[in-house]
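Visitor: I would like to learn how to read a structure that is new to me, one feature at a time. Could we look at it together?

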Amino acid sequence: MYDAIVIGAGPAGLQAALTLGRMHRSALLLDSGEYRNGTVLHMHNIIGADGTPPAEFRAKARDELSAYADVEIREGAATGISGSEDAFTVTLADGSTVEGRRVILATGVADDLPVVPGLQDLWGTLAFSCPFCDGHEHAGRSIGILGAAPRAGHLIGLLGRIVEDITVFPIAEAFTDEERTSLEAEGVRISAAPVASVERHDDGVRIIAGSEESVVAGVFVASGTMRQRAPFAADLGVRMLESGAIEIDEFGRTSLPGVFAAGDLAHRASLPGPMASVLLAAGAGQLAAVGIIQSLLAAEH
């Protein structure tokens, strides 16, 4: 019986395991090998690790965890969770089960991209969603934005002071007059035809839209959506927010006693949505681990 089972070995799960290990609480960290930034070459906007490859970051974190006897890491995904506080059972992909007093959900989210031929192949290397993570690398260069207002307008506001110029491309259908008016007010170029496909071209992206062809340094996607990567939130019936994320309190507690959540799959109700940030995910993992330690102490005294 572990004190805590941490499901997911991204920044949130790794940090949660470290915090539990440092307090000599037995923790099992389950690593499915799937990560939201799995295709990303370098992480950014992370003090002390700016530009570090995510795989290198994870490897270093796992090496650090090896110093803690109370932390066990297993390769493989969880497939189910049952039970209640102090007696959770987690089923693994190989059919075996493990038991824990508390559970941290740190499985993250998956990005559902708009249907644009070639876009998935560029995701994380030449196609992005986060200006804080990837905007600076396009300083003084031309970029494309795929999608409509208001999200496109938000990206223009953030990236406009960084890049040389921006062309906005509609997806599936041409922009409405209202959308064009809104975007034109931002001082960007607007493609009349929807994007037909994107592909790598040297160190940039070739965009085909109607009979026109453009080459830009990279593209930012304004119309993608996020979803829970794993089914556990739905299976457990924890309270969800309109953003599609799990509702948590300041210490990562969900609505179900004994179940905590950390990372971009969860946020507090006072926030509009989760932020895609390695630092914030790690911080959330630490807080969830502290919440678990507080919960265990309360139960033991």
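Visitor: Among contacts between residues at least 6 apart in sequence, what share joins residues at least 24 apart?

Guide: In this predicted model, 58% of such contacts in the protein join residues at least 24 apart in sequence.

Visitor: How does the radius of gyration of the protein compare with that of a compact globule?

Guide: A compact globule with 301 residues would have a radius of gyration near 19 Å, and the protein has 21 Å, which agrees. Taken along the principal axes, the C-alpha atoms fill a box of roughly 70 × 35 × 35 Å.

Visitor: How many of the residues, as a percentage, count as buried?

Guide: Of the 301 residues of the protein, 46% count as buried, while the accessible surface comes to about 14,300 Å², of which 51% belongs to carbon and sulfur atoms.

Visitor: Is S295 buried or exposed?

Guide: A residue is called buried when its relative accessible area is under 20%. S295 has a relative accessible area of 17%, and therefore counts as buried. The place of S295 is in helix α8, which covers residues 278–300.

Visitor: Which residues does S295 touch, not counting residues up to four places away in sequence?

Guide: With those neighbours in sequence set aside, S295 touches E85, R102 and F260.

Visitor: And how far apart are the mean positions of the positive and negative charges?

Guide: The protein has 21 positive and 39 negative charges, and their mean positions are 5 Å apart.

Conventions
Residues numbered from 1 in each chain as written. Predicted model: local features only at pLDDT ≥ 70, side-chain atom pairs only at ≥ 80, totals over all residues. Heavy atoms only, no water. Helix = DSSP H or I, 4+ residues; strand = E, 2+ residues; numbered from the N terminus. Buried < 20%, exposed > 50% of the residue type's maximum accessible area, 1.4 Å probe, protein only. Contact = heavy atoms within 4.5 Å. Rg over C-alpha atoms; globule rule 2.2 N^0.38 Å. Areas by Shrake-Rupley, 256 points an atom, 1.4 Å probe, with all protein chains shown as cover. Lys, Arg positive; Asp, Glu negative; His and termini not counted. Charge placed at Lys NZ, Arg CZ, Asp CG, Glu CD.
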